[in-house]
Amino acid sequence: MPLILSTFASGLLFGLGLIVSQMVNPAKVLAFLDVFGNWDPSLAFVMGGAVAVSALGYWIARRRGAPVLAPRLEIPTRRDLDLRLVTGAALFGIGWGLVGLCPGPALVGLTFGPVAIFAFVAAMIAGMALFRVLPARWPQVTFRKAVPDLDG
């Protein structure tokens, strides 16, 4: 039960942070991305605050050896880039730049946002479904060589 309550509280705090920072406002996000036009740098402070809080959380968890409500700290160890990752990141960035929304703010925006947000979320869900039907062994192109094991 503590894990469920902390998950709910974290999600609520995250959603409120998105609302307060105006990340749910596509016009605000698009103004931030318009670096050669009428640029609004205010979301850079939001990003800086998020990075600082996240770094502090990881630092505390590493010192403790584990998070408060989990048996171990799970930090990704994979460092290579493959075609699926690069393609997905490019599609994410293109969608964010065209619409001014990414998944978190879009889901929060469903509570009070315009009809366009519902269309965005529907398209996002369709994209997730498409990913599910793509072959699991899609040809992998690695852009960085794996580091060999030095176990001797």
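Helices (H or I, at least four residues) and strands (E, at least two) are DSSP runs, numbered from the N terminus. The model shown is predicted, so that local features need pLDDT of at least 70 and side-chain atom pairs count only at pLDDT 80 or more, while totals for chains, interfaces and linings use all residues. Residues are numbered from 1 along each chain as its sequence is written, and side-chain values use heavy atoms, with hydrogens and water left out.

**Figure 1. Overview of the protein and its helices.** The protein holds 6 helices and 0 strands, and from the N terminus on its elements follow the order α-α-α-α-α-α. Of its 152 residues, 16% count as buried, where buried means under 20% relative accessible area, exposed means over 50%, and partly exposed lies in between (1.4 Å probe, protein chains only). Among contacts between residues at least 6 apart in sequence, 53% join residues at least 24 apart, a contact being heavy atoms within 4.5 Å.

Figure 2. The expected span of a helix is 1.5 Å times one less than its number of residues. Ile-4 lies in helix H1 and is exposed, with a relative accessible area of 58%. Although Ile-4 and Leu-69 are 65 residues apart along the chain, their C-alpha atoms are separated by 10.0 Å. Just after H1 comes Gln-22, found in the loop between H1 and H2, and its phi is near 70°, a positive value in a residue other than glycine. Most residues other than glycine have a negative phi. Gln-22 is partly exposed, with a relative accessible area of 36%.

**Figure 3. Helix H2 against helix H4.** The axes of helix H2 (residues 26-33) and H4 come within 8 Å and cross at roughly 115°, where axes are lines fitted to C-alpha atoms, for helices over the stretch in contact, and angles run from 0 to 180 degrees between N-to-C directions. That makes H2 roughly perpendicular to H4, since angles under 35 degrees count as roughly parallel, over 145 as roughly antiparallel, 65 to 115 as roughly perpendicular and the rest as oblique. On the H2 side the contact is made by Pro-26, Val-29, Leu-30 and Leu-33, and on the H4 side by Trp-96, Gly-97, Leu-98 and Val-99.

**Figure 4. Two residues of helix H4.** Gly-97 is found in helix H4 and is partly exposed, with a relative accessible area of 36%. Leaving aside residues up to four places away in sequence, Gly-97 touches Leu-30 and Leu-33, and from C-alpha to C-alpha Gly-97 and Leu-30 are 6.7 Å apart in space, though 67 residues apart in sequence. Val-99 is found in helix H4 and counts as partly exposed at 35% relative accessibility. Again not counting residues up to four places away in sequence, Val-99 touches Pro-26, Leu-30 and Phe-120, and its C-alpha atom is separated by 8.9 Å from that of Val-29, 70 residues apart along the chain.

**Figure 5. Helix H2 against helix H3.** H2 and helix H3 (residues 42-64) pack at an angle of about 95°, with their axes 8 Å apart, and that makes H2 roughly perpendicular to H3. The contact is made by Lys-28, Val-29 and Phe-32 of H2 together with Ser-42, Leu-43 and Ala-44 of H3.

**Figure 6. The nonpolar cores.** A nonpolar core is a set of buried Ala, Val, Leu, Ile, Met, Phe, Trp, Tyr and Cys residues joined through side-chain atoms within 4.5 Å. The largest nonpolar core has 7 residues in all, made up of Leu-18, Met-23, Val-24, Val-29, Phe-32, Leu-43 and Val-108. Apart from it lies another core, of 6 residues, among them Ala-106, Phe-120, Val-121 and Met-124.

Figure 7. Helix H6 (residues 115-133) has 19 residues, which at 1.5 Å a residue should span 27 Å, and its end C-alpha atoms are 28 Å apart, which agrees. In H6, Ile-117, Phe-120, Val-121 and Met-124 are buried. Seen down the axis of H6, its buried residues fall within an arc of 95°, so they line one face of the helix; the arc is that of the directions from the helix axis to the C-beta atoms. The buried residues of H6 pack against helix H4 (83-99) and helix H5 (103-109), whereas on the other side of H6, Val-115, Ala-116, Leu-130 and Val-133 are exposed.
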